[in-house]
Amino acid sequence: MSETNRKPCILVTGGAGFIGSHTVCELLNAGYDVVIADNFFNAKPEALDAIREITHKDFVFMEGDVADHEFMEKIFSAHKIDAVIHFAGYKAVGESVAKPLMYYRNNLDTTLTLLETMKKYGCHHLVFSSSATVYAESESMPLYESNPLGTSNPYGETKRMIERILGDTAHADKDASFVCLRYFNPVGAHPSGLLGEDPNGIPNNLMPFIVKVATGKIEKLRVFGNDYDTVDGTGMRDYIHVVDLAKAHLAALEYAFKRTGIDYINIGTGNGTSVLQIVEAFKKVNHVDVPYEITERRPGDLAKVWADTSYAKRVLGFTAEKNIEDMCRDAYNYGVKHMK
Ligand code: WQD
């Protein structure tokens, strides 16, 4: 960051996407200058106007592929980038199993091109969008940052490989400061109803699927198994509101500016909530029905996954504030307005 009183400028790759757009709002509200780089593979241009409407602030937007060296040169030669928050990447577990080469090519190339360009322009700070998917299966919960790594799908493996690439890069560059945030289950939407999660086609993830059922777009929810060793037999996960997750990125950025080296931090609530508990909360807070049927387990699903969040609290001063009802209310509020 320069000595002048110039506001730090943050490049947000994938900044038009679900978590990226919410993070850009928090960055702008915190007084950062922002450059968004996005190719709209998994985002919509409407998100850009939504960010402006929510924050009443503007930002630079560059449309292009983060894997493209010329595109990244254009950004770094035109703007003094003090730090990068790197979201750009494909993120559907099931799709990654069907199309592994697409996932390895895209998720690794975007990262390698970004890091090469950052090195060339002397940009040393990065917050990376990692995932709890990097952890090996574990019978015991919560998951700690010290838990063994081990992935069961190409998507998760790209996250683990990128964490390794970042680790080796940080080891070679004494000025590097990288923070890998291992998200658990991001859900919800901006309370304004202007930003949210609107996956193309049939959603893979629970919350957007419930929203489509509640808004009549899909007939009923399939609950993937109720014979797990959990509170009610259905799968338990650590759901975190996307606005809380966005705030965690600001805390991670400030942490990155104060140190060097690499660090890995769980971002969740520390609580496990079952599928049926989500369904009941969703119905209660939105006064809607969510018809469902119990079906077979989904291959690869675990019974229980939730975070130990003490390290995020200790080094970032971060604790999630929003609860399950907030997540259900905001997800539905967005879905009613936007989901087709
Ligand atoms: C949650 C629970 C399902 C859909 C995935 C990725 C992970 C991360 C978050 C990126 C499970 C159940 C779901 C449905 C259901 N993404 N379910 N019916 O699998 O925990 O995590 O998204 O980083 O990497 O793996 O999330 O929302 O798919 O499932 O019963 O139609 O809901 O069995 O218990 P998951 P999910």
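This is a predicted model: local features need pLDDT of at least 70, side-chain atom pairs count only at pLDDT 80 or more; totals for chains, interfaces and linings use all residues.
Student: How many bridges join β1 to β4?

Tutor: Strands pair if DSSP finds at least two bridges between them. β1 covers residues 9-13 and β4 residues 83-86, and the two run parallel. The number of bridges joining them is 4.

Student: What is the strand order of the open sheet of 7 strands?

Tutor: Its pairing is parallel. The order is β3-β2-β1-β4-β5-β6-β11.

Student: Which strands form its edges?

Tutor: An edge strand of this sheet pairs on one side only. That applies to β3 (60-63) and β11 (261-267).

Student: By what angle are neighbouring strands of this sheet turned against each other on average?

Tutor: Axes are lines fitted to C-alpha atoms, for helices over the stretch in contact, and angles run from 0 to 180 degrees between N-to-C directions. For this average the direction is ignored. The value is 20°.

Student: What is the order of the open sheet of 3 strands, and why is one side of β12 and β14 left without a neighbour?

Tutor: This sheet has mixed pairing, in the order β12-β9-β14.

Student: Which residue of β14 stands opposite methionine 236?

Tutor: β9 spans residues 236-237 and pairs with β14 in the parallel sense over 2 bridges. Opposite methionine 236 stands lysine 304.

Student: How many residues surround the ligand?

Tutor: A residue counts as near if one of its heavy atoms lies within 4 Å. The closest are Thr133, Tyr155, Leu206, Arg237 and Asp301. The shell holds 19 residues.

Student: Which element gives the most to this shell?

Tutor: α7 (206-214) and β8 (221-224) each supply at least two residues. The most, 4 residues, come from β8.

Student: How far is the backbone N or O atom of arginine 222 from a nitrogen atom of the ligand?

Tutor: A polar contact is a pair of N or O atoms within 3.5 Å; within protein, one must be able to donate a hydrogen and the other to accept it, and residues adjacent in sequence count only if both atoms are side-chain atoms. A side-chain N or O atom of asparagine 185 is 3.0 Å from a ligand oxygen. For the backbone atom of arginine 222 and the ligand nitrogen, the distance is 2.8 Å.

Student: Why is the pair of phenylalanine 41 and tyrosine 90 called tilted?

Tutor: Rings of Phe, Tyr and Trp (its six-membered ring) pair if their centres lie within 6.5 Å; planes under 30 degrees apart are stacked, over 60 edge-to-face, the rest tilted. Here the centres are 4.2 Å apart, and the pair is tilted because the planes stand at 35°.

Student: Which peptide bond is cis?

Tutor: Proline 142 is in the loop between β5 (125-131) and α6 (154-172). Omega is near 5° for the bond from methionine 141 to proline 142.

Technical notes: Residues are numbered from 1 along each chain as its sequence is written. Side-chain values use heavy atoms; hydrogens and water are left out.
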